[in-house]
Amino acid sequence: MKSFNEVFESYNWDDTKASIYDKTAADVERALNNPQRTLEDFKALISPAALPFLEDMAQISQRLTLDRFGRVIQMYIPLYLSNECNNICTYCGFSYDNKVRRRTLNPMEIMQEVAVIKGMGYDHVLLVTGEANQTVHTDYFKKVLDLISPHFAHISMEVQPLDVADYETLIPHGLNTVLVYQETYHQDDYRKHHPKGKKSNFLYRLETPDRLGQAGIHKMGLGVLIGLEDWRTDSFFTALHLSYLEKQYWQSKFSISFPRLRPFSGGLEPKVVMNDKELVQLICAYRLFNSEVELSISTRETQAFRNQVIKLGITAISAGSKTNPGGYEVEPQSLEQFEISDERSAQEIAAMIRKQGYEPIWKDWDRSLISKSC
C-alpha cells in the first residue's frame with residue numbers, strides 16, 4: 001500500500017518554502033474567493049502576504065466553523081502516566097539526558113488521578129507518556145485502558161509510535177484517538193533535535209498515521225512543534241499530510257494541534273518565533289483549507305490568547321492541565337514536561353466558553369453510538 005513517505009519525497013523543503021514566501025496579495029484574494037481551496041491556496045493563506053487579510057480570514061473561519069461544528073467546544077484533559085523515556089529530544093523535559101526522577105504510575109495511582117479528573121467534570125481524557133518501550137509498552141497500555149475505560153466516554157493517546165498490530169490490539173480495549181506529532185518535517189533539523197532513541201527514525205514516525213489508518217483508528221491528530229523550524233513550511237507539510245490521509249483513510253476523523261515551543265527544565269530557545277497574530281493566521285488558514293478538521297488549542301497558550309481564539313475556528317480546548325505523572329493528586333510537585341501558561345481551572349474555562357455564547361462539551365463522542373450504528 002502506498003504511504004505518505006512516497007508523497008513526501010516528491011517535495012523539496014527549500015522550494016516549498018520559497019513558493020510560500022513568493023505568494024502575493026492577488027494569490028491571497030484568489031484563495032479567499034475560491035470555494036474549494038487547494039494546497040496552493042493554503043500556501044497563500046499562510047504566507048506573509050496574507051497578514052493584511054487577517055480580518056477577512058477570521059470572519060470566514062468563524063462562519064465555516066459554526067456551519068460545521070455549531071457553538072460547541074470540546075473539553076479534554078491530559079493524564080500523564082509516565083515520564084520515563086529512552087529518547088534524547090532537545091526540547092522536552094522528559095529527555096533521556098535530563099537528570100530527573102523517573103516514575104510510571106501504577107494502577108492505584110492512576111485511579112487516584114482519574115478520581116480528580118472525573119471530579120472536574122471530564123469525560124474525555126488524553127493519555128500521555130514518554131517513549132520507554134521496556135516500561136510503557138502495549139501490554140501496559142492495555143491494562144491502563146481496561147482500568148479507565150469504564151470511566152470515560154472517549155480516550156485519546158499520545159505515546160510512542162506503534163506498529164499496526166499494536167494499534168489493532170488496543171482499539172477493542174477502548175482506544176479512540178491517537179495523536180502523533182511529526183515535530184518538524186525538516187529532516188536535517190529533525191535529526192538534530194532527536195539524536196538518540198527510536199524517535200530518531202524520521203521515516204518510521206512519518207508513516208505512523210498510515211499505520212493508524214490501516215488499523216482503523218477512529219481519529220488521529222497531527223501537528224508540529226512550532227519553533228523548531230520555519231512554521232509556514234512545516235504547516236504546509238502538515239496540510240499535505242492531512243490531505244493525503246483524508247483521501248487514503250476516509251473512515252477516520254482528523255485533528256490539528258498548534259503547540260508552540262514552551263520553556264522546560266534545560267531549555268531550548270525557538271529557532272523561529274511565531275507571534276500571536278501569526279498563530280491566528282495559521283488557525284484560520286487551516287479552517288479555510290478544511291472545514292471538517294478539528295482544531296485544538298492547549299494550555300501552552302496564554303489566558304488572553306485562548307479567550308480570543310474560541311470564536312475563530314477552534315473546536316477543542318484543554319483546561320486545568322498538569323504535564324507531569326501524578327500531577328493532579330499523586331505527586332503534584334514532580335517535573336513537568338513543559339510549563340503551561342493558562343492555569344485556570346476547568347470550570348473557569350467552561351464559564352469563559354459560555355460567556356462567549358458557546359457550550360463546553362465534556363466528551364467527544366460515546367462508544368455506544370458507534371456500536372449501535374454498526
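**Helix packing, salt bridges and selected residues**

K118 is partly exposed, with a relative accessible area of 32%. Here, buried stands for under 20% relative accessible area, exposed for over 50% and partly exposed for values in between, with a 1.4 Å probe and protein chains only. The model is predicted: local features require pLDDT of at least 70, side-chain atom pairs count only at pLDDT 80 or more, and totals for chains, interfaces and linings use all residues. Residues are numbered from 1 along each chain as its sequence is written, and side-chain values use heavy atoms, with hydrogens and water left out.

K118 pairs with D123 through a salt bridge, at 3.2 Å from N to O. The term denotes a side-chain nitrogen of Lys or Arg within 4 Å of a carboxyl oxygen of Asp or Glu. D123 is buried, at 18% relative accessible area. Side chains of opposite charge can pair when their charged atoms come close. The whole structure contains 21 salt bridges.

A further salt bridge joins R260 to D276, with the closest N and O atoms 2.7 Å apart. This pair links distant parts of the chain: R260 lies in the loop between strand 6 (253–257) and helix 13, whereas D276 belongs to helix 13, and the two are 16 residues apart. Helices (H or I, at least four residues) and strands (E, at least two) are DSSP runs, numbered from the N terminus. R260 is buried, with a relative accessible area of 12%. D276 is partly exposed, at 37%.

R344 and D342 also form a salt bridge, and their closest N and O atoms are 2.6 Å apart. R344 is buried, at 11% relative accessible area. D342 is buried as well, at 1%.

Salt bridges also form a network, linking E131, E183, K199 and R205. E183 sits in the loop between strand 4 (177–179) and helix 9 (187–193). E183 is buried, with a relative accessible area of 8%. Its backbone has a positive phi of about 75°, although E183 is not a glycine. Most residues other than glycine have a negative phi.

Helix packing was examined next. Two packed helices are described by the angle between their axes and the distance between the axes. The axes of helix 2 (residues 13–21) and helix 12 (residues 231–248) come within 9 Å and cross at roughly 105°. Helix 2 is therefore roughly perpendicular to helix 12. Axes are lines fitted to C-alpha atoms, for helices over the stretch in contact, and angles run from 0 to 180 degrees between N-to-C directions. Angles under 35 degrees count as roughly parallel, over 145 as roughly antiparallel, 65 to 115 as roughly perpendicular and the rest as oblique. On the helix 2 side, W13, T16, K17, I20 and Y21 meet R232, T233, D234, F236 and F237 of helix 12. Five nonpolar, two polar and three charged residues make up this contact. Nonpolar covers Ala, Val, Leu, Ile, Met, Phe, Trp, Tyr, Cys and Pro; charged covers Asp, Glu, Lys and Arg; polar covers the others, Gly among them.

Helix 4 is mostly covered, with seven of its eight residues buried. These are L39, D41, F42, K43, A44, L45 and I46. They pack against helix 2, helix 3, helix 5, helix 12 and helix 13, where contact means heavy atoms within 4.5 Å.

Helix 5 (residues 54–69) has 16 residues, which should span 22 Å at 1.5 Å a residue; its end C-alpha atoms are 22 Å apart, in agreement. The expected span is 1.5 Å times one less than the number of residues. Buried residues of helix 5 are L54, M57, A58, I60, S61, L64, T65 and F69. They pack against helix 3 (25–33), helix 4 (39–46), strand 1 (72–82), helix 13 (276–289) and strand 7 (294–297). Just after helix 5, G70 adopts a positive phi of about 75°.

V72 lies in strand 1. V72 is partly exposed, at 32% relative accessibility. Leaving aside residues up to four places away in sequence, V72 touches T315, Y358, E359 and I361. V72 and G174 are 102 residues apart in sequence, and their C-alpha atoms are 24 Å apart in space.

Q251 occupies the loop between helix 12 and strand 6. Q251 is exposed, with a relative accessible area of 57%. Q251 and K355 are separated by 104 residues in sequence and by 35 Å in space, C-alpha to C-alpha.
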